[in-house]
Amino acid sequence: MEGSQAPCPADLKELPSYRSGAIDAVSDEEFARLLGHAVPDGSWGNRLDANDAICQLYYAKSRMARWIYRILNHRLDKSMAKGEPDLNLLFIYNMPFRGIGKMTGGLVSQYMVDGLVRAANGHFFGGLGQVLSGFFRQRKTAKKAEKMK
């Protein structure tokens, strides 16, 4: 199939690794030229958010969240040792917190997910209150929706 003649967004003379296709040889300087700004350092901000994976509970400030991490990690290690990894557990382990709301079919709202993350970040009672108020708010909304059917 014939390609288009779309203009190249970058000057390939300044990007020899990209021009040659040797992407494993791209230097930080070359990548920064392509980005148009400095390469982010990739460091973590020391605070969990809804986009972080559940396996990052390892870094949580809450003891309970770290305890949950240890349980998940132990179960995962146990299934791997058997030679039959638990794919459901692997999925949950690597899923971002926001995925909790998506995989519960509306039972858990994003507000409740934010409460869970808040609790994991060391604000246990504030996060728990948010989860509980979100639960009752979600239940009320579900009842309204049921009546409208």
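## Report on a predicted model

At 17% relative accessibility, G101 counts as buried, because the cut-off for buried is under 20% relative accessible area. This value, like the others in this report, was computed from a predicted model. G101 is part of helix α5. Its C-alpha atom is separated by 10.0 Å from that of D114, a residue 13 positions away along the chain.

| Residue | Relative accessibility | Class |
|---|---|---|
| G101 | 17% | buried |

S20 belongs to helix α1, which covers residues 16-20. The side chain of S20 reaches the backbone oxygen of S17 at a distance of 3.2 Å. A separation of 60 Å is found between the C-alpha atoms of S20 and K143, which stand 123 residues apart along the chain.

The next topic is the largest pocket. The space within the largest pocket amounts to about 430 Å³. Its lining consists of 20 residues, and those nearest the centre of the pocket are L57, I68, F97, I100 and L116. Four helices each supply at least two residues of this lining: α3 (63-81), α5 (98-103), α6 (110-120) and α7 (124-148). Helix α5 is also the helix in which G101 is found.

The aromatic side chains form the last topic. The structure holds five aromatic pairs. In one of them, the ring centres of Y58 and Y59 are 5.1 Å apart and the ring planes stand at 90°, so the pair is edge-to-face; the reason is that planes over 60 degrees apart are counted in this way. Y58 and Y59 also belong, together with Y69 and Y93, to one aromatic cluster.

R137 is placed over the face of Y111, at 4.3 Å from the ring centre.

How values were computed:
Residues are numbered from 1 along each chain as its sequence is written. This is a predicted model: local features need pLDDT of at least 70, side-chain atom pairs count only at pLDDT 80 or more; totals for chains, interfaces and linings use all residues. Side-chain values use heavy atoms; hydrogens and water are left out. A polar contact is a pair of N or O atoms within 3.5 Å; within protein, one must be able to donate a hydrogen and the other to accept it, and residues adjacent in sequence count only if both atoms are side-chain atoms. On a 1 Å grid over the protein atoms alone, a cavity is a set of points where a 1.4 Å probe fits but cannot get out, and a pocket is an open set with protein on both sides within 12 Å along at least five of seven lines; lining residues have an atom within 4 Å of a point. Grid points are joined across faces, edges and corners, and a volume is the space filled by probe spheres set on the points. Rings of Phe, Tyr and Trp (its six-membered ring) pair if their centres lie within 6.5 Å; planes under 30 degrees apart count as stacked, over 60 as edge-to-face and the rest as tilted. A charge sits over a ring if NZ of Lys or CZ of Arg is within 6 Å of the ring centre and within 35 degrees of the ring normal. Buried means under 20% relative accessible area, exposed over 50%, partly exposed in between (1.4 Å probe, protein chains only).
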